Amino acid sequence: MPAAVTTPAAATMAAGDVARLRARSRRRPRLVVAALALALVAAVGVRVLLGTYTVTLPDFVSILGGHSIPGASGARFIVLQDKLPHAVLGALAGLALGCSGAIFQLLLRNPLASPDIIGINSSASLGGIVALAFFGASGLGLAAGGLAGAAVAAVVIFGLSVGGRGSAGNRFVLVGLGLAVLAAALTNYVLSRISIYQASDAAIWLTGSLGQANWGRIQLLGVVLAVLLPLVAALSRNLHAVSVGEDLAAGLGVPVGATRWGGIALAVGLAAFAVAATGPITFVAFVAGPVARRLVGGTHTLTGAALVGGVVVVLADFAAGNLIPGGRLPVGVVTGIVGAPVLLWLVAAAQRERS
Amino acid sequence: MTSTSISTHPPATAQNGAPEFAAESVSLGYGGRDIVKDLSFEIPAGRVTAIIGPNGCGKSTLLRGFSRMLRPRTGRIRLGERDVARFGSREFARTVGLLPQHPVAPDGITVADLVSRGRYPYRGMFSRSSRDDDAAVAWALEATHTVELTQTPVAELSGGQRQRVWVAMALAQETEVLLLDEPTTYLDLAHQVDLLDLLVRLNRSRGTTMVLVLHELNLAARCADHLVAMKDGRIACSGDPREVLTRENLSAVFGLDASVLDSELAAGPVVVPSPRRDEA
């Protein structure tokens, strides 16, 4: 009986080793999430204090404290009714979009399965435009229209892609792409049927814009996030558990169906309310997840993705206001311009890693 | 007795009477079509059973039935005295482990992380990993000789390493029954033998009931105590590999013209397809 006494040292492992490994593998994600949270605060600070109308930090604090600035009576209005709402609404919309995209990508195991690609956002836009154009809706009504559009889209996509065997993720993306084209066509149709004034307002909303930011929208989106994000946190372990594949997950005792539908419902809700508040800001939901994954060193992180989304939207909005002298671009234009190359870089980097 | 490092960890579940798995006139299928038809058989507890048969005969479908992925249309599948449908999902997952055919690891996941996913059925909603979890993961890594790989991303592993890691995940689940659907596909012969020997060792040391769907007949004969040959959704024959792998059965089940040698070298039957006849 050889090797009865000694097993090679390298081949043994104790529970303590596993615990140590686990602690080590958590360290970087935690640091990255903390850094991203700070980055989001910093981005909001930059957006509020700098730019075409700069505000000093002491002035900002005293404005927040309810005082006016002597010698600059407009400052209070600009900060409270323009700069701060832009920054806060941008941050909230970014958090919602980033988180929504990462849930879809995790659940469907496909980086292309983000709400802006598979037609959730464009269907939410269609719902919003219909509510805006035919019912004169705004605020809550617009959100309801967006939510209805997104929910219908999700049900249609899932109805057509779940069931049968094989890669549901791929089918989902293909069906979603088709739906996105359909929703865009219908949106254009609606735009062609309404007055030119309505249409120009709608067009700005459709590019994704924080121009209409106000405290009412912030309140609505803030409440939605306060309800949905804790639910995402509660579901997060199961969402990650399902990412080993639905068969294997079911074999591990994960409630696969409930997790899938719960995750979809949360992701649709997050995307739809963000779209209702700001219009479909492109590429944020798509890019946030992969960028966050690279930052934490490979694994999916919903918190990280949400924070990346927030940082991206706030910084893009800052750029949108300051890139062109005297002008102001809709934030969606900037995220599109920046997001597309990031997508290409991600694809290229992934290819290089694989080879 | 003392030679294997495998028997070190599991004190709790090492039991002498694993529950017996049985199908009772079970029909299984997708859409309107039955793939497994009115099939009854018992899986010997604590043994290694290999299911063989031609492509499309219903092997994998049967395994999906045993693992509750697919609900029987008629009949029932029982584990011990209970219908498997009566088990809670966690309870079932602590008793029966499944390794599906082509598992795909989540992006960026490391070996240690993947293997610890096997502990899902033991964790509470918000509770952290316990010492038991860590011990099970450590044992699973050790048993599959993947300790050196713990911090490697699964995507960077070779096919043989990857398959061992998936087995490690299933082991970390600490189940009394393990169902494996073609665990050796895409592996070269050496790695196939390696993996199957690992499974047999686990069976011998822990009494884990193993059920494998296998394509390679000689390897099935090599590792299995019990062979089940399926054809057209039914069991064509079953029993000791020597009884099942005969010239007549191979012809009837696979339509294969082959001789069966009883080789002392292989310590079991060896299937040798008849020489090819070049037709002029």
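Mentor: Before we start, pLDDT is the predictor's confidence in each residue, from 0 to 100. Chain A averages a pLDDT of 83, and 92% of its residues score at least 70.

Trainee: What kind of model is it, then, and how do I read the labels?

Mentor: This is a predicted model, where local features need pLDDT of at least 70, side-chain atom pairs count only at pLDDT 80 or more, and totals for chains, interfaces and linings use all residues. Residues are numbered from 1 along each chain as its sequence is written, while chains are lettered from A and ligands numbered from 1 in the order in which they are written.

Trainee: Where in chain A is the pLDDT below 50?

Mentor: Over residues 1-10 of chain A. That stretch has eight contacts in the model beyond near neighbours in sequence, a contact being two residues whose C-beta atoms, placed from the backbone, lie within 7 Å. Where pLDDT is low, the predicted coordinates should not be read in detail.

Trainee: OK, new topic. How many residues of chain B are in contact with chain A?

Mentor: 40 residues of chain B, and they contact 32 residues of chain A.

Trainee: Which element of chain B gives the most to that side?

Mentor: H4(B), with seven residues. Helix H2 (89-95), strand S6 (96-99), helix H3 (111-116) and helix H4 (131-143) of chain B each supply at least two. Helices (H or I, at least four residues) and strands (E, at least two) are DSSP runs, numbered from the N terminus.

Trainee: And the residue types there?

Mentor: The side of chain B that touches chain A has 18 nonpolar, 14 polar and eight charged residues. Here Ala, Val, Leu, Ile, Met, Phe, Trp, Tyr, Cys and Pro count as nonpolar, Asp, Glu, Lys and Arg as charged, and the others, Gly among them, as polar.

Trainee: Which residues have the most contacts inside the largest nonpolar core?

Mentor: A:Ala96, A:Ile103, A:Ala271, A:Phe273 and B:Val115, in a core of 186 residues. Such a core is a set of buried Ala, Val, Leu, Ile, Met, Phe, Trp, Tyr and Cys residues joined through C-beta atoms within 7 Å. Buried means 20 or more other C-beta atoms within 10 Å of the residue's own, exposed means 12 or fewer, and partly exposed is in between, with C-beta atoms placed from the backbone. Helix H3 (residues 74-108) of chain A brings the largest share of this core, 19 residues.

Trainee: What does A:Phe273 touch?

Mentor: Leaving out residues up to four places away in sequence, A:Phe273 touches A:Ala96, A:Ala143, A:Leu147, A:Leu221 and A:Val224.

Trainee: Back to chain B. Is H5(B) mostly covered or mostly open?

Mentor: Mostly covered, with 11 of its 14 residues buried, including B:Arg162 and B:Trp166. The cover includes S6, H3, H4, strand S7 (177-181) and helix H6 (189-206) of chain B. Just after H5(B), B:Glu174 takes a positive phi of about 50°.

Trainee: Is A:Arg109 buried or exposed?

Mentor: A:Arg109 counts as buried because 22 other C-beta atoms lie within 10 Å. B:Ser25, in strand S1 (residues 21-30) of chain B, also has a positive phi, near 35°. B:Ser25 counts as exposed, since its C-beta neighbours inside 10 Å number 12.
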